[in-house]
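Please look at how the side chains of this protein pack and pair.

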Amino acid sequence: VVVYYQDEVQRVRALIEREFTVDEDHSVDKTTNQEADRFGYRSLHLIISLGENRSKLDEWKPLAGLCAEVQVRSILQHAWAVFSRELDYKVPSQAPDQLRRQLFRLSAQLEAADEEFTVLRNRSRDIANEYRKDVEQGQLALPLDLDSLREFVEQHIQPEEWERLGVRAGMTPFPLLTNTFQSAGLKMLLRTLQAAEVKSIAEFEGLFPEFQRVEPFLQRFVEVVKAQGGTMHAVPVDVLVLLVSFARADRIQKDFDWGGKFDHVFLAALRQVVHEMLR
């Protein structure tokens with residue numbers, strides 16, 4: 001079992017201990033009890049068997065009495081395991097003197113990176129929580145990034161409203177996505193806002209009055225798509241991407257590709273309408 005972060009190793013351990021019987025005498029935790037001056041393999045090895053209740057179930061009876069080994073480690077611990085197996089040096093005494101210093105350094109760097117990724121994840125969560133509180137209180141002078149945009153969209157944007165606007169412009173209804181903004185869509189919206197030189201959440205919100213002015217260009221876009229035999233669904237985040245593009249057409253670079261997420265028919269139509277706006 002390979003997990004992203006080192007603290008998840010113990011969460012997996014707790015799950016395994018809940019579901020199976022663990023032979024503690026033959027299990028080994030090499031993730032913590034390692035001497036400070038040693039490089040080496042870091043992993044959790046658990047020897048497990050079926051518990052009494054599970055052994056009684058018909059589908060599990062054939063496995064009663066058998067043991068299995070489960071190894072649990074982080075991605076970077078796994079990287080060391082793979083390379084140490086390739087190099088065949090699992091303890092310092094096995095390595096030539098000329099290589100030991102480099103192996104110590106690599107092992108220490110991987111261990112430090114493992115810890116830093118956990119710190120980064122925790123800090124990312126803290127920032128997202130801070131953004132959530134700020135948006136709840138109406139404090140929108142926040143730097144524009146994926147976390148701040150997600151919080152603003154989740155709290156201040158009603159997907160149904162933007163689906164209706166898209167349908168009014170001639171798009172096909174797509175109710176399956178009216179209640180969600182998918183991660184890929186948010187990233188495309190962020191990329192578009194950044195291309196349009198929007199720097200903050202407050203500045204994004206300030207574009208909303210402009211959307212009514214550019215709505216005819218949204219209709220024009222749908223007309224061009226349909227003329228090419230295409231169909232555009234009124235996915236809320238896509239509608240917002242288009243409106244931002246039209247509202248800030250003068251800021252969008254000619255070679256901007258909207259993250260390569262639009263079909264080539266949509267992309268060509270979008271560029272055509274942006275060009276028409278600037279003539």
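Phe152, Trp162, Phe204, Phe208 and Phe211 form one aromatic cluster. Rings of Phe, Tyr and Trp (its six-membered ring) pair if their centres lie within 6.5 Å; planes under 30 degrees apart count as stacked, over 60 as edge-to-face and the rest as tilted. By this rule the count comes to 9 aromatic pairs. Two of them share Phe208, and the table lists both.

| Ring pair | Centre distance | Angle between planes | Type |
|---|---|---|---|
| Phe152 and Phe208 | 6.3 Å | 70 degrees | edge-to-face |
| Phe204 and Phe208 | 5.2 Å | 75 degrees | edge-to-face |

Phe152 lies in helix H5 and Phe208 in helix H9, so their pairing ties together parts 56 residues apart in sequence. Helices (H or I, at least four residues) and strands (E, at least two) are DSSP runs, numbered from the N terminus.

Phe208 is partly exposed, at 23%. Here buried means under 20% relative accessible area, exposed means over 50%, and partly exposed lies in between (1.4 Å probe, protein chains only).

This is a predicted model: local features need pLDDT of at least 70, side-chain atom pairs count only at pLDDT 80 or more, and totals for chains, interfaces and linings use all residues. Residues are numbered from 1 along each chain as its sequence is written, and side-chain values use heavy atoms, leaving out hydrogens and water.

**The nonpolar cores**

Phe204 also belongs to the largest nonpolar core. A nonpolar core is a set of buried Ala, Val, Leu, Ile, Met, Phe, Trp, Tyr and Cys residues joined through side-chain atoms within 4.5 Å. The largest share, 9 residues, comes from H10.

Take Leu149 as an example. Leaving aside residues up to four places away in sequence, Leu149 touches Leu144, Leu186, Leu189, Leu190, Leu193, Ile201 and Phe204. Contact means heavy atoms within 4.5 Å. A second, separate core has 10 residues, among them Ile16, Val22, Ile48 and Val72. In soluble globular proteins, nonpolar side chains tend to be buried together.

**Salt bridges**

How many salt bridges does a search of the whole structure find? It finds 20. A salt bridge is a side-chain nitrogen of Lys or Arg within 4 Å of a carboxyl oxygen of Asp or Glu.

Arg13 forms one with Asp29, and their closest N and O atoms are 3.3 Å apart. Arg13 lies in helix H1 (residues 7-19) and Asp29 in strand E3 (residues 28-29), so the bridge ties together parts that are 16 residues apart in sequence. Arg13 is buried, with a relative accessible area of 16%. A network of salt bridges links Arg13, Glu17, Glu24 and Asp29.

Glu19 and Arg54 meet in another salt bridge, at 2.5 Å from N to O. This pair links distant parts of the chain: Glu19 is in helix H1 and Arg54 in helix H2 (residues 52-55), 35 residues apart. Glu19 is partly exposed, at 32% relative accessible area.

Glu223 and Arg220 are bridged at 3.8 Å between their closest N and O atoms. Both lie in helix H9 (residues 208-227), 3 residues apart, which is about one turn of the helix. Glu223 is partly exposed at 49%, and Arg220 is partly exposed at 30%.

**Charge over rings**

A charge sits over a ring if NZ of Lys or CZ of Arg is within 6 Å of the ring centre and within 35 degrees of the ring normal. Arg54 lies over the face of Phe20, 5.2 Å from the ring centre. The charged end of Arg54 also sits over the ring of Trp60, 4.9 Å from its centre.

**The whole chain**

The chain has 11 helices and 5 strands. Buried residues make up 41% of its 279 residues. Among contacts between residues at least 6 apart in sequence, 69% join residues at least 24 apart.
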